[in-house]
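Look at the model first, then read on.

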Amino acid sequence: MESAASKPKTNSFWNAGAVSWERAPVFSPLVSAFLVTGVVGFLGVLFLVAPEQIGTGRAARAALLALIAIAAWFLQSRGKVKTAAVVLVVGTWTYVTAVCIFTGGLHATPVLLYPLIIMMTGWRLGGRAAAAIAGLTVA
């Protein structure tokens, strides 16, 4: 008979893997709200500081990120939780990759977002999806 002291203690936080889909409904709307708020704030500052930049690709790229967030929120509101998570992960990864390609490659500032996207992928979709995104990032 095993005693409670002989059983290895495991922290369920570290052994849980991806967040369960029962607790997931908060994630996509929260991330979408942060992304849209960031884009609106960026466009507001851009309008105040450099209004000549509003009609350029800089504002269009920000609006594209807001569209990704709104699409994920819409899917979430329709009950498609996993699809919303996939849209957020794949959309933000594609967005960051495209911005990096066209604005400086490895020297572009959005390169710093890749670790966050990989962590978000692992948290939402599991380790295999995170490994796939990490592999695509390195490739």
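Buried means under 20% relative accessible area, exposed means over 50%, and partly exposed lies in between (1.4 Å probe, protein chains only). Buried residues make up 31% of the 139 residues in this chain.

The model is predicted: local features need pLDDT of at least 70, side-chain atom pairs count only at pLDDT 80 or more, and totals for chains, interfaces and linings use all residues. Residues are numbered from 1 along each chain as its sequence is written, and side-chain values use heavy atoms, with hydrogens and water left out.

## Overall fold

The chain has six helices and zero strands. From the N terminus on, its elements read α-α-α-α-α-α. Helices (H or I, at least four residues) and strands (E, at least two) are DSSP runs, numbered from the N terminus. Contact means heavy atoms within 4.5 Å. Among contacts with a separation of 6 or more, 60% join residues 24 or more positions apart.

## Helix packing

Two packed helices are described by the angle between their axes and the distance between the axes. Axes here are lines fitted to C-alpha atoms, for helices over the stretch in contact, and angles run from 0 to 180 degrees between N-to-C directions.

| Helix pair | Axis distance | Axis angle |
|---|---|---|
| H2 and H4 | within 9 Å | roughly 35° |
| H3 and H4 | 8 Å | about 170° |
| H4 and H5 | within 10 Å | roughly 165° |

Angles under 35 degrees count as roughly parallel, over 145 as roughly antiparallel, 65 to 115 as roughly perpendicular, and the rest as oblique. H3 and H4 are therefore roughly antiparallel to each other. H4 (residues 81-102) and H5 (residues 114-125) cross at roughly 165°, which makes H4 roughly antiparallel to H5.

A crossing is left-handed if the near helix is turned anticlockwise from the far one by less than a right angle, and right-handed if clockwise. The H4 and H5 crossing is left-handed. The crossing of H2 and H4 is left-handed.

## What the contacts are made of

Residue classes are as follows: Ala, Val, Leu, Ile, Met, Phe, Trp, Tyr, Cys and Pro are nonpolar; Asp, Glu, Lys and Arg are charged; the others, Gly among them, are polar.

Start with H2 and H4, whose axes come within 9 Å. H2 brings Phe27, Ser28, Val31, Ser32 and Leu35, and H4 brings Val81, Ala84, Ala85, Leu88 and Thr92. This contact has seven nonpolar, three polar and no charged residues.

Next come H3 and H4. From H3, the residues include Arg61, Leu64, Leu65, Ile68 and Leu75; from H4, they include Val87, Leu88, Gly91, Tyr95 and Val99. The classes are 14 nonpolar, four polar and one charged.

Then H4 and H5. Among the H4 residues are Lys82, Leu88, Val89, Trp93 and Cys100, which meet a set in H5 including Tyr114, Ile117, Met120 and Arg124. Twelve nonpolar, three polar and two charged residues form this contact.

## The nonpolar core

A nonpolar core is a set of buried Ala, Val, Leu, Ile, Met, Phe, Trp, Tyr and Cys residues joined through side-chain atoms within 4.5 Å. Which members of the largest core touch the most other members? They are Leu35, Leu88, Tyr95 and Val96, out of 22 residues. Helix H2 (27-49), helix H3 (57-77), H4 and H5 each supply at least two residues. H4 gives the largest share, seven residues.

Leu88 touches Phe27, Ser28, Val31, Ser32, Leu35, Ala69, Ala72 and Met120, not counting residues up to four places away in sequence.

Thr121 sits in H5. Its relative accessibility is 1%, so Thr121 counts as buried. Beyond neighbours within four places in sequence, Thr121 contacts Val89, Gly126, Ala129, Ala130 and Ile133.

Ile118 is also found in H5. Is Ile118 buried or partly exposed? Ile118 is partly exposed, with a relative accessible area of 23%. Its C-alpha lies 8.4 Å from that of Val89, 29 residues apart along the chain. Leaving aside neighbours within four places in sequence, Ile118 contacts Ala130, Ile133, Ala134 and Thr137.

Ala59 belongs to H3. Ala59 is buried, at 9% relative accessible area. Ala59 and Leu43 are 16 residues apart in sequence and 6.7 Å apart in space, C-alpha to C-alpha. Not counting residues up to four places away, Ala59 touches Leu43, Leu46, Gln53 and Ile54.
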